[in-house]
Amino acid sequence: MAKKAAYVLIIILSVFIIGGIVLGVYVLKSQDDFTKNITLTGEGAVSEDMDFSLEGFYPGYSTKYTIKFGSAAALGYDAAVSFEEDGDCSLSEYVCVKMTLNGNALAEGTLESFLSGDSTSFTLENLDDGGAILVLEYSMPADVGNEAQGTVANFKLSVTAQAKG
């Protein structure tokens, strides 16, 4: 009887351990995926601020963030993306940023260069045909050494869009 109880206990603990591993992998995987939906109305300017904290980067690692623009109006929009430091940004010199709009290259450089205050401007056209997708890819080149170990980058990303007059 004691052996039977021990076997049942081992099976129950095994199920909990496997369930915990699956849940942990799911939570970690979902943290790498980020999508923000922004709806443009045609009335005044739309502005969205997002806080980012990049940590745990290692050489060769990359992650993508997606911003989807949608509109009920067929107007065009003048839009801009700007970055602002929000605490420790020591990782910024090692992280490369690549921005694409609907699959076309928009801007590329180090996060440090984007944090200098200049915004990246672009035009959004024909949003009634399914919207526009802005992808921000953050990556660390494989040739970065131990100097980036333990660094983080905390910053705010601001997206603004104004309907064309």
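**Exercise 1. Find which residues Thr151 is in contact with, leaving aside its neighbours within four places in sequence.**

Solution. 
- Locate the residue. Thr151 sits in the loop between S8 and strand S9 (153–163). Helices (H or I, at least four residues) and strands (E, at least two) are DSSP runs, numbered from the N terminus.
- Read off the partners: Ser90 and Leu91.
- Thr151 has a relative accessible area of 16%. It counts as buried because the cut-off is under 20%; exposed is over 50%, partly exposed in between (1.4 Å probe, protein chains only).

Two notes on the source apply throughout. This is a predicted model, in which local features need pLDDT of at least 70 and side-chain atom pairs count only at pLDDT 80 or more, while totals for chains, interfaces and linings use all residues. Residues are numbered from 1 along each chain as its sequence is written, and side-chain values use heavy atoms, with hydrogens and water left out.

**Exercise 2. Describe the surroundings of Leu134.**

Solution. 
- Take its relative accessible area, 0%: Leu134 is buried.
- List contacts, not counting residues up to four places away in sequence. Among them are Tyr65, Ile67, Val81, Met99 and Phe122.
- Compare sequence and space for one partner. Ile67 is 67 residues from Leu134 in sequence, with 5.1 Å between their C-alpha atoms.

**Exercise 3. Give the strand order of the open sheet of four strands.**

Solution. 
- The order is S2-S9-S4-S7, with antiparallel pairing. Two strands pair if DSSP finds at least two bridges between them.
- Strand S2 (45–54) and strand S7 (120–124) are the edges, each pairing on one side only.
- Neighbouring strands are turned by 20° against each other on average, direction ignored. Axes are lines fitted to C-alpha atoms, and angles run from 0 to 180 degrees between N-to-C directions.
- Zoom in on one pair. Strand S4 (residues 77–85) and S7 are joined by five bridges. Val81 stands opposite Thr120 in S7.

Definitions and conventions: Contact = heavy atoms within 4.5 Å.
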